[in-house]
Amino acid sequence: MNMKNKLIIIAILVIAIIGLATLMFGEYVQAPLTEDQAIIDSAQKPAEEGLKSEVDKGKQGGVISIASPSVALTKEDLWKTWTQYLTFAKDKNIEGVKSLSYQVSESCAKPELKKECEEKMLAVYTAGIAMNEKGFTKAFIDSKQAILKTEVRVEEKDESFVATEGQIVFAVNSSGKMSLLHLDPAQIWTVRKNNASTTAELKARLSLFTKDSDLDGLSDDLERCIFPDDWIVFVCNETNPIKRDSDNDGWWDGVEYFFQN
Ligand SMILES: [Ca+2]
Ligand SMILES: [Ca+2]
Ligand SMILES: [Ca+2]
């Protein structure tokens with residue numbers, strides 16, 4: 001995938017999230033899984049079954065922590081890396097931030113743009129310090145990547161129901177060293193109230209929007225490129241919503257979304 005396509009895809013994620021916040025109500029219908037999509041290939045199946053039992057455990061209020069047996073990293077390791085990153089950001093320690101970043105913005109790569117970089121670090125610190133470890137109940141980990149997630153929180157507003165979910169994505173190198181790839185303190189989905197829908201229906205719709213069946217960091221709908229008719233979508237690369245690594249390159253679909261180079 002070339003860089004341009006990746007940037008377009010990232011832009012689309014932003015559009016999708018904003019769009020969900022403003023447009024998603026009314027005629028939008030969840031399409032059923034096709035037969036092909038419903039079939040999990042045999043190599044993937046044991047892992048998927050493991051995921052399902054962990055998801056069920058999570059629904060009962062437990063911590064979801066998915067890691068293959070060969071992976072030594074734990075949810076606590078992820079949080080420790082995150083807090084170290086925040087400390088570096090707070091101290092305006094560019095080299096420290098770089099050491100824990102999978103990629104750095106242009107402003108942090110160029111000494112002449114130091115001030116701009118420091119402003120970004122402050123913004124990350126301000127957002128990050130408000131995040132609570134107890135809220136991040138889910139950890140998906142393998143030898144190449146890891147995702148920390150909060151539960152989806154649903155709030156009722158005057159004219160809508162709003163779901164929010166925090167996510168921190170890490171890349172892991174062959175030595176087990178983690179680096180921050182993406183931070184989303186509060187991904188937001190909104191459904192507007194209307195006269196035809198009950199609270200239960202609206203909450204169910206929100207739940208469908210946020211559902212991530214294969215726990216790869218990307219909701220099923222975004223993987224299937226399902227958008228309302230009135231959305232303008234430039235490019236959307238479909239991935240399999242019940243397979244974490246659709247192209248078998250080792251990177252989960254939701255993690256690949258956040259690569260920029
Ligand atoms: Ca997914
Ligand atoms: Ca997937
Ligand atoms: Ca992949």
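This report describes the fold, confidence and some single residues of one protein model.

The model is predicted; local features need pLDDT of at least 70, side-chain atom pairs count only at pLDDT 80 or more, and totals for chains, interfaces and linings use all residues. Residues are numbered from 1 along each chain as its sequence is written, and chains are lettered from A and ligands numbered from 1 in the order in which they are written.

**Confidence**

The predictor's confidence in each residue is its pLDDT, on a scale from 0 to 100. For the protein the mean pLDDT is 75, and 69% of the residues reach 70 or more. Helix α2 (residues 35-38) has the lowest confidence, with a mean of 28, while α4 has the highest, at 96. Residues 1-62 have a pLDDT below 50, and this stretch has 64 contacts in the model beyond near neighbours in sequence. Where pLDDT is low, the predicted coordinates should not be read in detail.

**Overall fold**

The protein contains 10 helices and 6 strands. These elements are DSSP runs numbered from the N terminus: helices are H or I with at least four residues, and strands are E with at least two.

A residue is called buried if 20 or more other C-beta atoms lie within 10 Å of its own, exposed if 12 or fewer do, and partly exposed in between, with C-beta atoms placed from the backbone. By this rule 29% of the 261 residues are buried. Two residues are in contact if their C-beta atoms, placed from the backbone, lie within 7 Å. Among contacts with a separation of 6 or more, 61% join residues 24 or more positions apart.

**The cores**

A nonpolar core is a set of buried Ala, Val, Leu, Ile, Met, Phe, Trp, Tyr and Cys residues joined through C-beta atoms within 7 Å. The largest one has 34 residues, and those with the most contacts inside it are L78, Y85, V97, A146, V169, F170 and L181. Two or more residues come from each of α4 (75-90), α5 (94-99), α7 (114-129), β2 (138-141), β3 (145-149), β5 (160-172) and β6 (178-192). Helix α4 gives the most, with 6 residues. A second, separate core has 6 residues, including W189, V191, L206 and F209.

Apart from neighbours within four places in sequence, A146 is in contact with L73, L78, A139, F140, I141, F170, V172 and M178.

**Helix α4**

The buried residues of α4 are K75, L78, T81, W82, Y85, L86, F88 and A89. They lie on the same side of α4, because they cover an arc of only 160° around the axis. The arc is taken from the directions from the helix axis to the C-beta atoms. An α-helix has 3.6 residues a turn, so residues three or four places apart point the same way. After α4 comes K92, whose phi is positive, near 55°.

**Two hairpins**

Two strands pair if DSSP finds at least two bridges between them. Strands β2 and β3 run antiparallel and are joined by 4 bridges. They form a hairpin with 3 residues between them, and A139 stands opposite L148 in β3. In β2, K138 and F140 point one way and A139 and I141 the other, and all are buried. In a regular strand the side chains alternate between the two faces of the sheet.

Strands β4 (residues 153-156) and β5 are also antiparallel, with 4 bridges. They too form a hairpin with 3 residues between them, and the bridge partner of E156 is F161 in β5.

**Loop residues**

| Residue | C-beta neighbours within 10 Å | Class |
|---|---|---|
| E151 | 16 | partly exposed |
| L215 | 22 | buried |
| N248 | 10 | exposed |

E151 lies in the loop between β3 and β4. Its C-alpha atom is 6.6 Å from that of T137, 14 residues away along the chain. V152 is found in the loop between β3 and β4. Leaving out residues up to four places away in sequence, V152 touches A163, E165 and T210. V152 and T210 are 58 residues apart in sequence, with 7.7 Å between their C-alpha atoms.

L215 is in the loop between α8 (199-210) and α9 (220-224), and its phi is positive, near 55°. N248 lies in the loop between α9 and α10 (253-256), and the phi of N248 is a positive value near 55°. Most residues other than glycine have a negative phi.
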